[in-house]
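Subject: Structure handover

Hi,

Here is the structure for your files. My notes follow below it.

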Amino acid sequence: MSIIRKKLKKGMAYRVRVWREGKRHSKTFTRMYDAQQYEREMQLSATPDEMRFTFHQAAQEWLMRHAETHKAPTSLKTDRQMLRDYLLAAFGHLALRDVSPRQIEGLILDLMRKGLSRSTVNRNLELARAIFNFGIKRGWAVSNPVSIVGLLKTQVPPVVFWTQEEALCFLTHVEAKYEGSGRLAIPRLFRFAMNTGMRMGEILGLGWHEVDLQNRLITVRRAYCGTQRQVKETTKGWKIRHVPINSAIHDMLREMKVKRKEELVFTITGKPLDGANVTHEFQQNAVEAGVRKIRFHDLRHTYASHFMMNGGNIFHLKEILGHSDIKTTQRYAHLSKSFLVDKADTVCFRTDNVMQASFGRDAVNV
């Protein structure tokens, strides 16, 4: 339930929204007092079934009616695991409307004592919050205790990426190691990932019909799902994007296309490569090459970081990486040389008695 304030020409209006069995009902009042009274009456008029609806039942409904149709298989698997390991054990037996903010705080304390990171605790809280919101819309709960308590403050982790020397050292090692082995798809995949910033699933599911060598563009429209072991005709962001083909991989792709026998770009047996095996080989080769051991996904960070350090535009990078929100891409903004150098004189204390100041129309008085 919720009360929405709306300003009218003749005063204020207060609309109460009520969810019952998946349907929304609303009623508008001219006084806040009347709206609050109506909200209390609706809370007390909940059916016995609604009052007894447990968090466990709500979670199962949420999984079946929302998560299974809206979330990626990998995310769904993680949600099931968090429910099984933490949330259901904490208050799965309680009626959804009886779970209090105090119990959410107890869950946070318990998870912290078990050694879970603040980010992992927040992922559990976000899952619980989604289930409570789902229950509120169906009249099984009145309020969301997770929203009342809030999430833990966390520090954004630093971007991990290879330097140019590390990247070249790694590529030199793998290309020499796999030469003539019949498994050239592995080093070529590493080079491709480093020069496109594409996700592993997008690379493993990439077909030749999506590679336009003439126009130097890759169309990213699908991805391989390791959980379901099949290529899905969607990407993580559910949108098609285009990635440029640079000179480091153009000739490699042209040679591969001439000799191709399969529809997939990177394959050994004709089937998509196994992501776990690719990750294992990547980290093993990093150790052999004598460079820092990073995640395969950090090759995406490596591409993005060097894109910005070499003068790339952050809005272009957002489109290449397929981020839905520019805030996600801005984690790389500080790596741009112009980002800092252009602002060097924002604060400038001088000893020659010359004061320089520039006030444009964008200046802000504080």
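How much space lies in the largest cavity? About 30 Å³. The model is predicted, so local features need pLDDT of at least 70, side-chain atom pairs count only at pLDDT 80 or more, and totals for chains, interfaces and linings use all residues. Residues are numbered from 1 along each chain as its sequence is written, and side-chain values use heavy atoms, with hydrogens and water left out.

**Cavity**

The structure holds one cavity of 30 Å³ or more. A cavity here is a set of points, on a 1 Å grid over the protein atoms alone, where a 1.4 Å probe fits but cannot get out. Grid points are joined across faces, edges and corners, and the volume is the space filled by probe spheres set on the points. Lining residues have an atom within 4 Å of a point. For the largest cavity they are Ala193, Met198, Arg199, Met200, Phe296, His297, Leu299 and Arg300. By class, that lining has five nonpolar, one polar and two charged residues. Ala, Val, Leu, Ile, Met, Phe, Trp, Tyr, Cys and Pro count as nonpolar; Asp, Glu, Lys and Arg as charged; the others, Gly among them, as polar.

**Arg199**

This lining residue lies in the loop between helix 9 (185–196) and helix 10 (200–204). Helices (H or I, at least four residues) and strands (E, at least two) are DSSP runs, numbered from the N terminus. Arg199 counts as buried because its relative accessibility is 15%; the cut-offs are under 20% relative accessible area for buried, over 50% for exposed, and partly exposed in between (1.4 Å probe, protein chains only). Its side chain makes a polar contact with the side chain of Glu202 (2.8 Å). A polar contact is a pair of N or O atoms within 3.5 Å; within protein, one must be able to donate a hydrogen and the other to accept it, and residues adjacent in sequence count only if both atoms are side-chain atoms. Leaving aside neighbours within four places in sequence, Arg199 is in contact (heavy atoms within 4.5 Å) with Lys236, Arg241, Arg300, Leu321 and Gly322.

**Thr329**

Thr329 sits in helix 15 (residues 326–329). Is it buried or exposed? Buried, at 0% relative accessibility. Its side chain makes a polar contact with the side chain of His323 (2.8 Å). Beyond four places in sequence, Thr329 is in contact with Ile314, Leu317, Lys318 and His323.

Best wishes

Key: On a 1 Å grid over the protein atoms alone, a cavity is a set of points where a 1.4 Å probe fits but cannot get out, and a pocket is an open set with protein on both sides within 12 Å along at least five of seven lines; lining residues have an atom within 4 Å of a point.
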